[in-house]
Amino acid sequence: MRRSWVSIFTVYAPMLGVPVLLYLYIIFNAFHLGTASNAVLYLSMLGLAVFAIVGFRDVFIDRQKPRHFLDLKEAAGQTVHKTDMDTTTHEDAKIVEMRIKRFNPQSKLLEENTYRARVDRYSSVLDTIIDIKRKQDPTIAMRYSCRMGICGSCGMVVNGKPVLACETNVFKNMKEDASISVAPMQGHPLLKDLVTDFDDFFSRHASISPHLHRTDETEKYEAKKEYIQTKDELNKFLPFSYCIMCGLCVDACPVVNVNPMFIGPQALSQVQRYYADSRDQLGERRLDMVDKLTHVWDCEFAGACSVACPKGVDPAFTIQMLKTEIVRKNLTGK
Ligand code: SF4
Ligand code: FES
């Protein structure tokens, strides 16, 4: 703030002062008021001109320079925290060796390409691949959108684990030889390089009727009131509704990988999501839907799906909940 007041003074004071002094100079000369007065006027004009040069530099040159964000925070009157100082510098940048396995649709083989890229402590695997694609090899095919763990489209296998590339930090996953291996997900058909085909995954999801069913069909067209839920009712299905359909659980599941008929953890977790929702009226027909060998009974409770899930949906647990409900229904008949 102090700086801007100085700028205003040094620019606007000469703007007004110089014409006034010139006017006085002309008056003094016209009335021959002596050399002493002229000297004072000359010195004042010189002083104002220096002010103007300083102000011009401050306003029109210094402000064009990019400022550090901490200066901007300070100028805006915001508190500068100690953690703000923890910024990446060139000193902590590193060179990583990215070993990218790319699926070649012509040869139907995975071919490994190695790239070297500059990364810093905040770089994600996705950032690094995008950087490589921009600067070194525009032919790499990968899928991504949000770059913040929301859209679920950047699933890849990094150092042997299925993860969201945008949420995987390079520094934390670098091996001792400063390398990282990246491959496409194996639990889905491969299309090109790191891109996999999700058609089958989406149709399995669609097969479990992933929407609320109501017996009163007229509600759809003439809604009269909202469906009020208590906090407990909400908590029964909320964790399972966080699924972003990234397919990592399917990729991690050892059963899906040997038995393609198994519907997989993602679709089953979404059965529980709707079954547990008090607004849904499909009821136990949802249990009948999955009471099959290719559905809940194929799950061997390996738990790899829950470990891979980036959203804490815990598909392995939901499948066991469904099994328990099916057994309860079969034993009690209700
Ligand atoms: S359950 Fe988890 S891992 Fe599976 S698709 Fe949903 S968010 Fe992804
Ligand atoms: S790019 Fe959207 S989840 Fe990674």
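T168 is found in the loop between β4 and α5, and this briefing uses that residue as a way into the fold. The model is predicted, so local features need pLDDT of at least 70 and side-chain atom pairs count only at pLDDT 80 or more, while totals for chains, interfaces and linings use all residues. Residues are numbered from 1 along each chain as its sequence is written, and chains are lettered from A and ligands numbered from 1 in the order in which they are written. The protein has 13 helices and 7 strands; helices (H or I, at least four residues) and strands (E, at least two) are DSSP runs, numbered from the N terminus.

**T168 and its surroundings**

- T168 is buried, with 24 other C-beta atoms within 10 Å. Here a residue is buried if 20 or more other C-beta atoms lie within 10 Å of its own, exposed if 12 or fewer, and partly exposed in between, with C-beta atoms placed from the backbone.
- Setting aside neighbours within four places in sequence, T168 is in contact with S124, V125, V158, V163 and N173. Two residues are in contact if their C-beta atoms, placed from the backbone, lie within 7 Å.
- T168 and L126 are 42 residues apart along the chain, yet 7.8 Å separates their C-alpha atoms.

**Helix α4**

- Which residues of α4 are buried? In this helix (residues 125-135), they are V125, L126, T128 and I129.
- Seen down the axis of α4, these buried residues fall within an arc of 165°, so they line one face of the helix. The arc is that of the directions from the helix axis to the C-beta atoms.
- R134 and K135, on the other side of α4, are exposed.
- The cover over the buried residues of α4 includes β1 (94-104), β2 (109-119), β3 (155-158), α5 (170-173) and β5 (179-183).

**The open sheet**

- The 5 strands of an open sheet follow the order β2-β1-β5-β3-β4, with mixed pairing. Two strands pair if DSSP finds at least two bridges between them.
- β2 and β4 (161-164) stand at the edges with a single partner strand each, so one side of each is left without a neighbour in the sheet.
- From one strand to the next, the twist averages 35°. For such angles, axes are lines fitted to C-alpha atoms, for helices over the stretch in contact, and the angles run from 0 to 180 degrees between N-to-C directions.
- α4 packs on this sheet, touching β1, β2, β3 and β5, and its direction makes about 95° with that of β2.

- β1 and β2 run antiparallel and are joined by 11 bridges. K94 has V119 of β2 as its bridge partner, and R102 has E111 of β2.
- The hairpin of β1 and β2 has 4 residues between the strands, and K108 takes a positive phi near 60° there.
- β3 and β4 also run antiparallel, with 4 bridges joining them. The bridge partner of G155 in β4 is L164.
- The hairpin of β3 and β4 has 2 residues between its strands, and N159 in the turn has a positive phi of about 50°.

**Positive phi in other loops**

- As background, most residues other than glycine have a negative phi.
- R147, in the loop between α4 and β3, has a positive phi of about 60° although it is not a glycine. R147 is partly exposed, with 17 other C-beta atoms within 10 Å.
- F301 has a positive phi of about 55°, again without being a glycine. Its place is the loop between α11 (285-290) and α12 (304-308), and F301 is exposed, with 12 other C-beta atoms within 10 Å.

**Ligand 1**

- How many residues surround ligand 1? There are 14, and the closest are C243, C246, C249, C309 and V313. A residue is near a molecule if its C-beta atom, placed from the backbone, lies within 6 Å of it.
- α8 (248-252) and α10 (265-275) are the elements that give two or more residues to the shell around ligand 1.
- By class, this shell has 10 nonpolar, 3 polar and 1 charged residues. Ala, Val, Leu, Ile, Met, Phe, Trp, Tyr, Cys and Pro count as nonpolar, Asp, Glu, Lys and Arg as charged, and the others, Gly among them, as polar.

**The protein overall**

- Buried residues make up 26% of the 334 residues in the protein.
- Of the contacts with a separation of 6 or more, 66% are between residues 24 or more positions apart.
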